[in-house]
Amino acid sequence: MAGPVTAGRPARIAVVGGGPGGLYAAVLLARLDPRREITVWERNASDRTFGFGVVLSDETLGGIEHADPAVHTAMCREFVRWDDIDIVHRGRVLTSGGHGFAALGRRRLLEILHQRCRELGVRLHFRTAAPSAVSLARTHDLVIAADGVHSATRQAHADAFRPRLTTHRCRYIWLAADFALDAFRFETAETEHGVLQLHGYPYSPDSSTVIVEAREEVWRRAGLDRCTERESTEVCAKLFADALGGRPLRGNGSPWTAFRTVVNERWSHGNTVLLGDAAHTAHFSIGSGTKLAVEDALALAACLQEHPELPDALAAYEAERRPVVESTQRAARASLEWFENLELYLGQPPRQFAFNLLTRSRRVTHDNLRLRDTGFVSAVEREAAVPAGTPPMFTPFRLRGLTLRNRVVVSPMDMYSAQDGTPGDFHLVHLGGRAVGGAGLVMTEMVCVSPEGRITPGCAGLYEDAHEAAWRRIVDFAHAQSPGVAVGVQLGHSGRKGSTRLMWEGIDDPLPDGNWPLVAASPLPYRPGVSQIPTALDTAGLAAVRDQFVRSAERAARAGFDLLELHCAHGYLLSGFLSPLTNRRTDAYGGSLQARLRYPLEVFDAVRAVWPRESPMTVRISATDWAEGGTTAEDAVAIASAFAAHGADAVDVSTGQVVAHERPDFGRSYQAPFADRIRNELGVPVIAVGAISSWDDVNSLILAGRADLCALARPHLYDPHWTLHAAAEQEYTGPGAPWPLPYQAGSRKPPTGRTDGPKPRLALAEPPAG
């Protein structure tokens, strides 16, 4: 049962956990109101700590300086600073500079905070377990649970906080070396058992943190699961003898452990609030654990000061911190997964590998890395044969007999504006405008292969002579007005997601009348109790739909399309065969993944047979269903491999929209890692999609070797000339982004009202005295 929610600012405060976050919260709250009675319980000794060094950003240090100059001054006296990151790729050291790090020993940080707590009258209990969460909540105005990833406080109120803990695939050990590395160092050891990696950085003039990490199966094959701490340090020191200069490593009661990501649905319960690792964790490879905890403490103290009522303060704290934490956790997850799949990238050229590593979290990008170290990025681009002065996104790319002028794709976007399947003037302006806007490839919306295969009455088709003629008009316009642009058609069938209203009338809502019958892999409605129940396709139905795809492909070829994409994603008909959540068949087309692939591959083969030999054909897949029991990332690799073996020239890697109860992990470029894995595991060209919103993202993905093409949807709705504007903003004027002759006068950004320069003098300075 939760304790009372105290009205007014808390006077009696309990802090459970004596790590940096809990201690700093105590410091700030005591400093803001010396009358407060604040007690910190720490179950370990005062000098016991996990890990060795702490890295903090300039942003975090700025907050500390403003909140408590005394702590900031003491920390600054201890810092070691450096700018370089050294990445060792198969014996070759590549250095990137301009990064700016500050670190100090974790034990020394705790000593500084202990001293400051004592100065401010905070009571510290070491080697003392805190009273139970329930009893603390009864006897204190506020309980701050800063008791780490294994938080007993969080567990005591699990029904309220609703935590989710995810254990990841690597084991790691936190060690130290008694010398200072001169840079942040990443290095790999390729052994008979698999790959291990080292993350190292200095934290004092004579000491460095050294973290060694390996996939679980590699760790076990190497026998490290049976090693003592001393034996582990000896093995790691031998593996990375070059990095360590032959020096030994030491531990600190350091076990091998698997990282856990902690997420809580709520951060407060009554008068108890979570802080730091008790509330959230972010993988150590982006160095954010202590940073997040300290920033939590700053925000909590500020919100308690700004909001007189405790419930308001705790709500404000969570509202302020949650978006920051979720963004950091997305970056950390991308970084963590990059290292989990490190072996995929070892075959990359050395500089591309280094660039890929540096940009793995998506927080460091091509553009800001170029600002930090122009020479490094230029060397990466030279190695990748990117012409001087050409952003990576404006390099050409070849698919079969088609050469795309740049790496930008206008992603398929349903417009719901066709009349009986016929595209009209709206489509001419929509697609023609994007073609003139500079993209290398402009894709149509999903073009349906039959009237019953439409999603809505406004969906375009390619099953009548009038449709073919209308598409020919649009393709001819694009080719004539934007020479060099490629226009692709995406063919699909709605399956169980058809016969619905236009998007703006109610997405996925059935039509109020005039419905047509639906077919699917299995008789499962998209939204149970709402959507129409489809009929499972029988043998004759399968053949009929396959033939509809073939006839539409023949029409597409006659209409002049340069590329054809088969839509096997987003829960539409062919996607419905691929996912185990939507395919419950017991015949040859259901069951194993191989069987579920059978019909989509039959359709692909039939379409490929009539599609011009020199013209490329791609396939769009949903690489995950974002739902338990659905398609996994491993399944996606197998699906992509099967289509590639049947002649797919590239895989367009999307995710989700297969089941209505999905829980996507939204965020910037959130789907790109699935494309990355397929490309680097299979060597198959991929199109990355999913909240790629900036030209900097495109440059980063292309140069890092995570994607070959990038498809953008909403940015092209916001700006039809997105690609040309990206070229202008990067001062690029080459063949990868040709401006149409009538538009050349607009190839420079128009000037705006002057906002800089000397300000008018509005007052005279006071004359000197005397």
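How many of the residues of strand E21 (residues 486-492) are buried? The legends below take up this and other close-up views.

This is a predicted model, in which local features need pLDDT of at least 70 and side-chain atom pairs count only at pLDDT 80 or more, while totals for chains, interfaces and linings use all residues. Residues are numbered from 1 along each chain as its sequence is written, and side-chain values use heavy atoms, with hydrogens and water left out.

**View 1. Strand E21 and its partner, strand E20.** Seven of the seven residues of E21 are buried, where buried means under 20% relative accessible area, exposed over 50% and partly exposed in between (1.4 Å probe, protein chains only). Ala 486, Gly 488, Gln 490 and Gly 492 point one way from the strand, Val 487, Val 489 and Leu 491 point the other way, and all are buried. E20 (residues 441-448) runs parallel to E21 and is joined to it by six bridges; Met 446 has Gln 490 as its bridge partner in E21. Helices (H or I, at least four residues) and strands (E, at least two) are DSSP runs, numbered from the N terminus.

**View 2. An open sheet of six strands.** The strands follow the order E8-E2-E1-E9-E16-E15 with mixed pairing, two strands being paired if DSSP finds at least two bridges between them. Strand E8 (123-125) and strand E15 (268-269) are the edge strands, each pairing on one side only. Strand E1 (residues 12-16) and strand E9 (residues 142-145) run parallel and are joined by four bridges, and Ile 13 stands opposite Leu 142 in E9.

**View 3. Helices H2 and H3.** The axes of helix H2 (residues 58-67) and helix H3 (residues 69-76) come within 5 Å and cross at roughly 130 degrees, the axes being lines fitted to C-alpha atoms, for helices over the stretch in contact, with angles running from 0 to 180 degrees between N-to-C directions. Leu 61, Ile 64, Glu 65 and Ala 67 in H2 meet Pro 69, Val 71, His 72 and Met 75 in H3, contact meaning heavy atoms within 4.5 Å.

**View 4. Arg 250 in the loop between helix H10 (241-244) and strand E14 (257-264).** Arg 250 counts as partly exposed, because its relative accessibility is 30%. Its side chain makes a polar contact with the side chain of Asp 178 (2.7 Å), and another, of 3.4 Å, joins the side chains of Arg 250 and Tyr 203. A polar contact is a pair of N or O atoms within 3.5 Å; within protein, one must be able to donate a hydrogen and the other to accept it, and residues adjacent in sequence count only if both atoms are side-chain atoms.
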